[in-house]
Amino acid sequence: MTIKTLGEMRVGEHGRISKIGGNGQVHRRILDMGVIPPAAVVVERIAPMGDPIWIRLRGYQLSLRKEEAINVQVEVD
């Protein structure tokens with residue numbers, strides 16, 4: 001098992017959220033979107049320039065900016 005940030009993951013990779021980093025509003029915003037450990041997550045699409053990143057977790061799709069995604073650590077399967 002490898003630990004990566006969502007910003008480092010490739011399309012099709014999946015794993016479980018292990019830790020939310022960041023501080024202040026960034027941390028709060030990520031948690032408010034439902035990105036909470038230990039939710040399962042799959043990277044579905046990445047925009048051509050790498051930002052934003054579309055993920056699926058808890059049965060819904062979510063778009064994150066790369067600056068948000070680098071604050072989410074995932075245990076990649």
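A residue is taken as buried when its relative accessible area is under 20%, as exposed when that area is over 50%, and as partly exposed in between. In the predicted model described here, Glu-13 has a relative accessibility of 19% and therefore counts as buried, since the cut-off is under 20%. The side chain of Glu-13 meets that of Lys-4 in a salt bridge, with a separation of 3.0 Å from N to O.

The pairing of the strands was examined next. Strand β2, comprising residues 14-20, runs antiparallel to strand β3, comprising residues 40-46, and three bridges join the two. Within this pairing, His-14 has Val-42 of β3 as its bridge partner. Strand β3 also pairs in the antiparallel sense with strand β4, residues 53-57, in this case over five bridges, and Ile-46 stands opposite Ile-53 of β4. β3 and β4 form a hairpin in which six residues lie between the two strands, and Gly-50, located in the turn, adopts a positive phi of about 90°.

Arg-56 forms a salt bridge with Glu-44, in which the closest N and O atoms are 2.8 Å apart. Because Arg-56 belongs to strand β4 and Glu-44 to strand β3, the pair ties together parts of the chain that are twelve residues apart in sequence. Arg-56 is partly exposed, with a relative accessible area of 34%, and Glu-44, at 27% relative accessibility, is likewise assigned to the partly exposed class.

The corresponding search for salt bridges finds five in the whole structure. One of them connects the side chains of Asp-32 and Arg-28, again at 3.0 Å from N to O. Both residues lie in helix α1, which spans residues 24-32, and they are four residues apart, about one turn of the helix. Asp-32 and Arg-28 are both exposed.

The largest nonpolar core contains 19 residues, of which Leu-6, Ile-17, Val-35, Ile-55, Leu-57 and Val-72 touch the most other members. Strands β2, β3, β4, β5 (60-64) and β6 each supply at least two residues of this core. In soluble globular proteins, nonpolar side chains tend to be buried together. Leu-57, whose place is in strand β4, is buried, with a relative accessible area of 1%. With residues up to four places away in sequence left out, the contacts of Leu-57 are Ile-17, Gly-34, Val-35, Ala-39, Ala-40, Val-41 and Leu-62. The C-alpha atoms of Leu-57 and Gly-15 are separated by 10 Å, although these residues are 42 residues apart along the chain. For Val-72, under the condition that residues up to four places away in sequence are not counted, the contacts are Lys-4, Thr-5, Leu-6, Ile-17, Lys-19, Ile-20, Ile-30 and Val-35; among them is Lys-4, the salt-bridge partner of Glu-13.

Two loop residues were also considered. Asn-71 lies in the loop between α2 (66-69) and β6 (72-76), and its relative accessibility of 19% places it in the buried class. Apart from residues up to four places away in sequence, Asn-71 touches Lys-19, Ile-20, Gly-21, Gly-22, Val-26 and Ile-30. Of these contacts, Lys-19, Ile-20 and Ile-30 are also touched by Val-72. Gly-7 is found in the loop between β1 (2-5) and β2 and counts as buried at 17% relative accessibility. Its contacts, with residues up to four places away in sequence again excluded, are Ile-53, Lys-66, Ala-69 and Ile-70, and one of these, Ile-53, is the residue of β4 that stands opposite Ile-46. Gly-7 and Asn-23, which are 16 residues apart in sequence, are 17 Å apart in space from C-alpha to C-alpha.

Definitions and conventions:
Residues are numbered from 1 along each chain as its sequence is written. This is a predicted model: local features need pLDDT of at least 70, side-chain atom pairs count only at pLDDT 80 or more; totals for chains, interfaces and linings use all residues. Side-chain values use heavy atoms; hydrogens and water are left out. Two strands pair if DSSP finds at least two bridges between them. Buried means under 20% relative accessible area, exposed over 50%, partly exposed in between (1.4 Å probe, protein chains only). Contact means heavy atoms within 4.5 Å. A nonpolar core is a set of buried Ala, Val, Leu, Ile, Met, Phe, Trp, Tyr and Cys residues joined through side-chain atoms within 4.5 Å. A salt bridge is a side-chain nitrogen of Lys or Arg within 4 Å of a carboxyl oxygen of Asp or Glu.
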